[in-house]
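The following note sets out numbered points for a colleague who wishes to examine the model in detail. Please read it alongside the sequence and the coordinates.

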Amino acid sequence: MISAYAGKLLRVDLTSRQVRSESIDPDAARRFIGGRGLATKMLSEAVHPQVDPLSPANTLILATGPLTGTSAMCGGRFMAVTKGPLTGTIASSNCGGTFGPELKYAGYDMVVLEGAASEPLLMVIEDGKVELHPAGELWGLNVHETEDRLHGELGRDFQLVSIGPAGEKLVRFAAIINDKGRAAGRSGVGAVMGSKKLKAIAVRGTGGLSVADPPGFRAACLDSLAKLEAGEITGQGLQSFGTAILVNIINESGVFPTRNFRQGQFESAEKISGETIAEEILVRPRACVACPIACGRVTEVRGGPYRSRGDGPEYETVWALGADTGVEDLGAVTKANYVCNELGMDTITAGATVACAMELFEEGVLSEKDVGRKLKFGDAEAVVDMMTKIGNREGFGDVLAEGSARVAERYGRPELFMGVKKQEMPAYDPRGVFGMGVQYATSNRGGCHVRGYMIAPEILGVPQKLDAHTPQGKAETNIAFQNLTAALDSIGVCLFVTFSIGAPELAAMLKTATGFDYDADEFMQVGERIWNLEKLFNMKAGLTRKDDTLPRRLLSEPMPAGPAKGLTVPLDEMLTQYYRLRGWDEQGAPTQEKLAALGL
Amino acid sequence: MANMLLIEPEKCTTCRLCELVCSERGEGIFRPSRSRVRVWIDAEAAEYVPMVCIQCDDAPCMEECPTEALVRDPVTNAVVVVAEKCDECAICESACPYGVIRCLDGLARKCDLCGGDPECVRFCATGAIQYAEPGRWPRAARETYTDRLRSLCEEAQA
């Protein structure tokens with residue numbers, strides 16, 4: 001048994017309803033850590049990359065890291081790893097909240113979900129005791145109703161993950177939700193759970209976790225805590241204003257995608273900013289387990305047609321449901337966010353898909369008859385309405401539930417899909433942040449900001465400022481960020497710590513917790529190993545160099561106005577350099593030498 | 001006068017680092033179910049209350065313990081458990097009006113102020129739990145806090 005790990009995983013065959021406990025392999029743990037890394041290794045071995053993601057042949061792994069459930073800073077996380085139904089690539093979605101730590105206290109690092117049940121099921125895990133129950137009466141409930149029902153029946157000490165109607169109805173961007181508002185959001189991991197007919201997992205654990213070197217671990221945690229408290233972003237900004245503190249910063253940099261990336265600045269950004277959220281709707285911040293940052297927002301829309309209470313919105317959400325659809329009504333944006341939480345779906349893809357449909361509508365490709373209503377940019381009521389319709393696959397929502405790549409393709413305008421590998425890009429227009437362009441193009445799960453957050457150096461100046469409008473040095477920095485993030489997602493810690501700490505601090509916590517002799521270099525190498533393994537999965541799934549690209553708009557339509565006026569993304573240059581620095585061939589395939597060096 | 005734990009619930013964010021490090025200090029492992037401090041979370045009402053022992057001057061737990069297993073530390077003013085004397089009768093648990101002493105696995109568990117350097121305070125980033133002179137905690141705020149602890153305890157028993 002390795003320190004800091006629970007030491008076991010739970011393998012569940014939903015088809016036969018067999019559950020068995022297995023030991024975590026220490027050698028694999030050393031090479032892939034846990035979380036995203038170890039789950040990717042296991043998925044690669046168990047699932048043929050060409051399987052239909054929504055078939056019983058796909059596997060869904062919920063995986064904590066060794067630091068999950070300890071006092072490691074922001075170490076309350078788990079990952080949902082599977083083949084994604086939105087992208088056809090590997091999917092690995094990170095989630096905070098309370099579920100991950102509780103799973104470990106119950107005795108398990110991971111839950112491996114195989115096959116598919118013939119009727120809806122609920123899984124209850126209580127200190128090593130695991131039961132599968134019929135859940136027909138839960139099927140159809142939204143996430144909030146499900147949580148309330150289960151907390152009433154099982155007790156409030158149980159921590160929950162569940163899917164809503166979106167997951168049940170296989171919306172391609174359905175999420176798995178914990179604590180009513182924390183999502184393993186992207187790529188459709190919730191639809192995979194729905195395809196397996198698993199409505200929810202309830203877990204209660206009263207056990208504990210030991211670390212290898214308690215005084216050393218304590219010192220490493222305190223060192224990281226001090227740096228997080230001293231950091232401008234982690235110490236004050238995120239707690240006071242949430243992630244939406246970025247709205248004004250990104251808008252001023254001219255890279256706040258507006259109306260399906262037609263523009264880079266939103267004239268009403270201030271109205272949906274973190275500052276306005278704090279002023280108008282914030283009830284109080286809420287943290288995930290072990291997080292001193294507390295970016296989470298408990299909010300309440302106190303009047304008007306959208307009066308309600310819930311979690312969010314965070315930055316990407318106010319962008320997707322606001323600027324990208326041209327909506328400036330914070331109440332509507334917030335309400336649309338609550339609907340996504342309740343129905344269980346990714347706010348980024350949901351909003352961006354409506355934005356794409358709005359452009360199709362304004363271009364005359366979609367008619368009022370197609371949609372069942374007008375769908376113009378800026379129509380707040382339409383955005384809220386479409387969220388409900390998508391999550392329930394009602395009317396035109398059934399079309400949008402496939403995501404904007406398929407919608408744009410269906411109506412003959414594939415170039416209006418603003419994403420990569422069928423997944424929508426989030427809230428940064430790479431025409432004015434070049435490194436983000438190569439990051440989007442190479443991300444192993446398609447359009448995504450949390451594989452390598454190039455905004456940190458290019459806009460925020462962390463760890464040091466890079467000129468956002470040059471391709472120079474971007475491939476190199478992007479690779480380092482991608483590797484760092486892959487390792488970080490494997491230890492169970494939140495990406496936001498990297499605003500203030502890096503590989504040395506993370507490796508110090510990991511080493512003292514597990515007793516494995518990690519240093520910063522090995523930590524980064526594990527990240528590189530994971531990145532390459534994900535790439536191999538995607539290649540076997542059929543993806544090629546042509547998938548490592550950006551929408552035509554970003555490559556050939558210059559930014560119309562603002563600080564990035566006149567710019568397009570010089571992707572080819574960065575991509576060629578990226579492949580070379582990765583040790584991959586010209587087609588973007590890892591070379592034998594690289595794979596051998598990484599032990600793959 | 002010895003310092004005491006001073007609680008400002010409105011600063012709590014529910015990160016529960018206090019529970020994690022408290023359990024590590026007391027049990028040697030990260031095991032929040034055995035933590036001496038526990039954070040009450042009512043997500044719907046957005047009410048979060050770090051529940052800690054306030055080391056009552058006239059501590060009912062100490063008065064009612066039949067084996068004299070609870071004693072006052074003269075330096076920190078904390079009421080501490082003498083493990084060898086505790087016979088797991090749980091009388092202290094029912095005597096405590098605030099629900100902050102629990103008998104589990106054969107031992108009464110309560111806050112001992114970590115001997116004067118409380119670990120929860122070290123890790124509380126927002127100052128929801130501080131270690132300060134009693135005079136720094138306004139009487140009204142303190143009473144609001146203890147009243148809430150008492151009502152939460154009564155709700156739990158009901």
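How many salt bridges are counted between domain 2 of chain A and domain 3 of chain A? The answer is given in point 3.

1. Basis of the note. This is a predicted model, in which local features need pLDDT of at least 70 and side-chain atom pairs count only at pLDDT 80 or more, while totals for chains, interfaces and linings use all residues. Residues are numbered from 1 along each chain as its sequence is written, chains are lettered from A and ligands numbered from 1 in the order in which they are written, and side-chain values use heavy atoms, with hydrogens and water left out.

2. Domains of chain A. The assignment divides chain A into domain 1 (8-204), domain 2 (243-424) and domain 3 (430-499 + 519-597); such bounds come from an automatic or database domain assignment.

3. Domain 2 against domain 3. In chain A, the C-alpha centres of domain 2 and domain 3 are 25 Å apart. Contact (heavy atoms within 4.5 Å) involves 28 residues of domain 2 and 32 residues of domain 3. The two domains bury about 2,100 Å² between them, with 64% of it on carbon and sulfur atoms; buried area is the accessible area (1.4 Å probe) that two parts lose on being put together, summed over both. F261(A), V420(A) and K421(A) supply 29% of the area that domain 2 buries here, more than any other three residues. The count between these domains is 2 salt bridges, a salt bridge being a side-chain nitrogen of Lys or Arg within 4 Å of a carboxyl oxygen of Asp or Glu. K421(A) also forms a salt bridge with D548(A), with the closest N and O atoms 2.8 Å apart.

4. Chain B against chain A. This contact takes 31 residues from chain B and 37 residues from chain A. The buried area is about 2,500 Å², and carbon and sulfur atoms give 52% of it. On the chain B side, T13(B), F30(B) and F123(B) lose the most area to chain A, together 23% of what that side buries. Across this interface the rule finds 2 salt bridges. The side chains of E44(B) and K180(A) meet in a salt bridge at 2.6 Å, N to O.

5. The largest pocket. About 1,400 Å³ of space lies in this pocket. A pocket is an open set of points on a 1 Å grid over the protein atoms alone, where a 1.4 Å probe fits, with protein on both sides within 12 Å along at least five of seven lines; lining residues have an atom within 4 Å of a point. The volume is the space filled by probe spheres set on the points, which are joined across faces, edges and corners. The lining has 45 residues, of which R156(A), D157(A), V39(B), W40(B) and I41(B) lie nearest the centre. Because domain 1 (8-204) and domain 2 (243-424) of chain A both give residues to the lining, the pocket lies between them.

6. Backbone geometry. Most residues other than glycine have a negative phi, and most peptide bonds are trans. The peptide bond from G312(A) to P313(A) is cis, with omega near 5°, and the bond from V462(A) to P463(A) is cis, with omega near -5°. R259(A), a residue other than glycine, has a positive phi near 50°.
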